[in-house]
Amino acid sequence: MIAGRDFEMNAATPRIFIAATRQNDGKTTVSLGLIAALQKFFPRIGYIKPVGQRFVEIEEQKIDEDTVLMDAVYRMNCPLVDMSPIAVEPDFTRKYLQAANNDALVKKIQGAFDRVAWEKDFVLCEGSGHAGVGSVFDLSNARVAKLLGAKVIIVSQGGIGKPIDEISLNQALFEKEDVEIIGVILNKVLGEKVDYISDFARRGLKRKGLDLLGVLPHEQILCNPSVELILEELHAELLNQPPNLHALVDDVVVGAMSAQNAIQFFKRGILLITPGDREDLVLAAGATTNPNSDDKMAGIILTGGLRPTAAVLKAIQAMPVPVLLAKADSYEVASKVHNLIVKTRPADAEKISLIRDIVAKNVNVKKIVDAL
């Protein structure tokens, strides 16, 4: 029996817990790809992110962003609130330390898991950050994996020395909770180094009693933000109605040159950042952009809160690429775009397709299934 419960939690449905050595190492990428790959063995797969830190509000419920993504891609046929039972709001930790309610949180997670696992052949559980994240409210990833009776896969960034050092730290906490680690997946490894990293990482991990389950090559497209993401993160204003906001930004150009010299940059994947009073650049971009071409710029951000004149705003309305107005100056906007944490979104069809292919080709899924 589970402590504090009057029923026994589902122990029959196979499950794994995807952990990582740090935040943004690729747990969601791996989870997204693994669900597709595992469907060959388990047709009906459930998903749960027991503790979420980045969430959106849906029907007055705080739902983790990754849960929204998984449900949109795989139609999990389960209430979102069960797939994302705990959202760590800004004052969550303070409230917990004032009046610890661990038993209630444990019941909430385990009850949600039971509902997620109902009539499923398999459940994928996604953690949040490294093994110790959540320790302050007694729900570290290691502890949650233990509560769910799940075996663990650790995701780490590519390399040999640093990743294995960090994996060892995480391994110690999982072992303290008596949680079995199935193996490790290394993510974002440069293509030319995949074979070399695979060979030596496998040797290094074997010395720690761990299996290398796969090495995922770095794909730049997965790190490129969409204009829609930039619009939201900058809290910018959209000045026109372009056909879509899902174009990916390959590179950023700060418009500090003449319009004549800037024309060479008005090409596919470029995000132009320029002060709002550089109307010459805006008009040049509009005049040289073919609305029927696939090689259009990703978009333009006008900075400094400088709203163009009525005549230029009219020209912007006719432009086929998104034009945003941001309050910050060009340097600050460029810095924010560069430092954006890019998360895969439901509308990122190209990225999602690529992720499925990468995981299917580079992860030993059979080994995972056998370990269960």
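User: Where is the place of Phe265?

Analyst: This is a predicted model. In it, Phe265 sits in the loop between helix H10 (259–262) and strand S13 (270–275).

User: Buried, exposed or partly exposed?

Analyst: Partly exposed. Its relative accessibility is 26%. Buried would need under 20%, and exposed over 50%.

User: What is Phe265 in contact with, leaving aside neighbours within four places in sequence?

Analyst: Val253, Met257 and Ile270.

User: And how far is Met297 from Phe265?

Analyst: In sequence, 32 residues. In space, the two C-alpha atoms are 8.5 Å apart.

User: Switching to strand S7. How many of its residues are buried?

Analyst: Five of five. S7 covers residues 122–126 and is mostly covered.

User: Which way do the S7 residues point?

Analyst: Phe122, Leu124 and Glu126 point one way. Val123 and Cys125 point the other way. Both sets are buried, Glu126 included.

User: Which strands pair with S7?

Analyst: S1 (residues 15–20) pairs with S7 in the parallel sense, over four bridges. S2 (residues 45–48) also pairs with S7 in the parallel sense, again over four bridges.

User: Zooming out. How many helices and strands are in the chain?

Analyst: The protein chain has 15 helices and 15 strands.

User: What about overall dimensions?

Analyst: The C-alpha trace spans about 70 × 50 × 35 Å along its principal axes. The radius of gyration is 23 Å. A compact globule of 372 residues would come out near 21 Å, so the chain agrees with that.

User: How much of the chain is buried?

Analyst: Buried residues are 50% of the 372.

User: And the accessible surface, what does it come to?

Analyst: About 17,700 Å². Carbon and sulfur atoms account for 50% of that area.

User: Contacts next. What share join residues at least 24 apart in sequence?

Analyst: 73%, counting contacts between residues at least 6 apart.

User: Last one, charges. How many positive and negative side chains?

Analyst: 43 positive and 47 negative. The centres of the two sets lie 3 Å apart.

Note on methods
Residues numbered from 1 in each chain as written. Predicted model: local features only at pLDDT ≥ 70, side-chain atom pairs only at ≥ 80, totals over all residues. Heavy atoms only, no water. Buried < 20%, exposed > 50% of the residue type's maximum accessible area, 1.4 Å probe, protein only. Helix = DSSP H or I, 4+ residues; strand = E, 2+ residues; numbered from the N terminus. Pairing = 2+ DSSP bridges. Rg over C-alpha atoms; globule rule 2.2 N^0.38 Å. Contact = heavy atoms within 4.5 Å. Areas by Shrake-Rupley, 256 points an atom, 1.4 Å probe, with all protein chains shown as cover. Lys, Arg positive; Asp, Glu negative; His and termini not counted. Charge placed at Lys NZ, Arg CZ, Asp CG, Glu CD.
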